[in-house]
Amino acid sequence: MSEEANASTDTTEAAAATAAEGDDANVTDAAAAAEQEAAEGKDAEKAGDAEAGAEAFSLAAPEGAEAFQADFDAFAGDMDAWLKANPNATAREALTEAAMRQARVAGDAQKQMLEQRNAQLDAWAGDLRKDAEFGGEKYDANVATAVKGLEAVGSPELRKMLDDTGLGSHPDVVRAFWKVGQMVADTAIVTGQAGTSTRRSFADALYGNGNGKD
């Protein structure tokens, strides 16, 4: 066999050996990747089992406050979700979140109470305006008479109470002072002048501030 034939044979054998080594490396890499993927899957499964097995954060209302258990449940639910989303949070961060959460809830509750109060005052004022005896064209004059009645028998403390509670706009309260005003009136009832603004409620006539409405 010539030297050229021997060289060709050696080259072919070397290439085959290199290809075999490459195949072995690919197999090794694939096996390593499969092992890593399996390990990651097990870690994720363990993490999922740990999270599923973790006891949910809960709070029981203290004795005497059982009626507010729903509020305790809502707080516990929100904080449980936050703690799971922030597993590395410090105690200070958790306390800060709890305080901020309560501040948001208190603000929402106050806003809702104000809206309900204003809606009630508007409803009372509407009832008085539609009242056959008190409202209609006689509304402004009758409000003026009711104010005279309060001035005759009321005190600053009473006015403050009516303002703080919103009862200054309650139809029954307005009618009561209206009747008192009729009994003590010694002059003609002063009616509103043309072009003047119309009072929305008895409380407006008393205090001129919408009975505390914002």
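This note comments on the aromatic pairs and nonpolar cores of a predicted model.

1. Aromatic pairs. The structure contains 2 aromatic pairs. In one of them, the ring centres of Phe134 and Tyr139 lie 6.0 Å apart and the planes meet at 80°, so this pair is classed as edge-to-face. Planes over 60 degrees apart count as edge-to-face. Both Phe134 and Tyr139 are buried.

2. The pair with Trp178. Phe134 also pairs with Trp178, with 5.3 Å from centre to centre and 85° between the planes, and this pair is edge-to-face. Phe134 is located in the loop between α3 (91-130) and α4 (139-153), whereas Trp178 belongs to helix α6 (residues 171-184); the pair therefore ties together parts that are 44 residues apart in sequence. Trp178 is buried, as is Phe134.

3. The cluster and a charged neighbour. Through these ring pairs, Phe134, Tyr139 and Trp178 are linked into a cluster. Arg129 lies over the face of Tyr139, at 4.0 Å from the ring centre.

4. The largest core. Which residues make up the largest nonpolar core? This core has 11 residues: Leu128, Phe134, Tyr139, Val143, Ala146, Val147, Leu150, Leu162, Val174, Phe177 and Trp178. Helices α4 and α6 each supply at least two residues of this core, and the largest share, 5 residues, comes from α4. In soluble globular proteins, nonpolar side chains tend to be buried together.

5. The second core. A separate core has 5 residues, among them Met79, Trp82, Ala94 and Ala98.

Definitions and conventions
Residues are numbered from 1 along each chain as its sequence is written. This is a predicted model: local features need pLDDT of at least 70, side-chain atom pairs count only at pLDDT 80 or more; totals for chains, interfaces and linings use all residues. Side-chain values use heavy atoms; hydrogens and water are left out. Rings of Phe, Tyr and Trp (its six-membered ring) pair if their centres lie within 6.5 Å; planes under 30 degrees apart count as stacked, over 60 as edge-to-face and the rest as tilted. Buried means under 20% relative accessible area, exposed over 50%, partly exposed in between (1.4 Å probe, protein chains only). Helices (H or I, at least four residues) and strands (E, at least two) are DSSP runs, numbered from the N terminus. A charge sits over a ring if NZ of Lys or CZ of Arg is within 6 Å of the ring centre and within 35 degrees of the ring normal. A nonpolar core is a set of buried Ala, Val, Leu, Ile, Met, Phe, Trp, Tyr and Cys residues joined through side-chain atoms within 4.5 Å.
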